[in-house]
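Take a moment to look over the chain before reading on. Then follow the charged side chains step by step.

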Amino acid sequence: MFGNKNEDERFYVKSKENIKSLGRFTVVADRETGVNYVHAWVGTGSSLTPLLDKNGNPIIDNMK
């Protein structure tokens with residue numbers, strides 16, 4: 001899943017960023033729905049949540 005560009009897999013990594021003293025953040029997109037998610041790895045825990053625009057709506061890529 002992570003780091004692969006295999007188009008047969010449902011999810012792919014759009015971007016990665018390490019923020020010093022905070023953690024690692026990855027934007028993952030779903031090829032089927034177009035929904036973008038943020039995966040945050042901070043300290044000993046992690047979370048996954050939809051990536052939202054400034055109006056609070058999920059960011060969805062056009063999959064056509």
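The paragraphs below go from salt bridges to a hairpin and then to a surface patch.

This is a predicted model; local features need pLDDT of at least 70, side-chain atom pairs count only at pLDDT 80 or more, and totals for chains, interfaces and linings use all residues. Residues are numbered from 1 along each chain as its sequence is written, and side-chain values use heavy atoms, with hydrogens and water left out.

Start with charge. Side chains of opposite charge can pair when their charged atoms come close. A salt bridge here is a side-chain nitrogen of Lys or Arg within 4 Å of a carboxyl oxygen of Asp or Glu. The count by this rule is 3 salt bridges.

Arg10 pairs with Asp30, and their closest N and O atoms are 2.8 Å apart. This pair links distant parts of the chain: Arg10 is in the segment before β1 and Asp30 in strand β2, 20 residues apart. Strands are DSSP runs (E, at least two residues), numbered from the N terminus. Arg10 also forms a salt bridge with Glu32, at 3.6 Å between the closest N and O atoms. Glu32 lies in the loop between β2 and β3, so its pairing with Arg10 ties together parts 22 residues apart in sequence.

Elsewhere, Lys14 and Asp61 meet in a salt bridge of 3.0 Å, N to O. Lys14 is in strand β1 and Asp61 is in the segment after β4, so this pair ties together parts 47 residues apart in sequence. Shared partners join Arg10, Asp30 and Glu32 into one network.

Is Asp30 buried or exposed? Buried means under 20% relative accessible area, exposed over 50%, and partly exposed in between (1.4 Å probe, protein chains only). Asp30 has 2% relative accessibility, so Asp30 counts as buried. Glu32, at 59%, counts as exposed. Arg10, at 36%, is partly exposed.

Now the hairpin. Strands β3 (residues 36-42) and β4 (residues 45-50) pair in the antiparallel sense over 6 bridges. Strands pair if DSSP finds at least two bridges between them. Ala40 stands opposite Ser47 in β4. The hairpin has 2 residues between its strands, and Gly43 in the turn has a positive phi of about 60°.

Terms used. Helix = DSSP H or I, 4+ residues; strand = E, 2+ residues; numbered from the N terminus.
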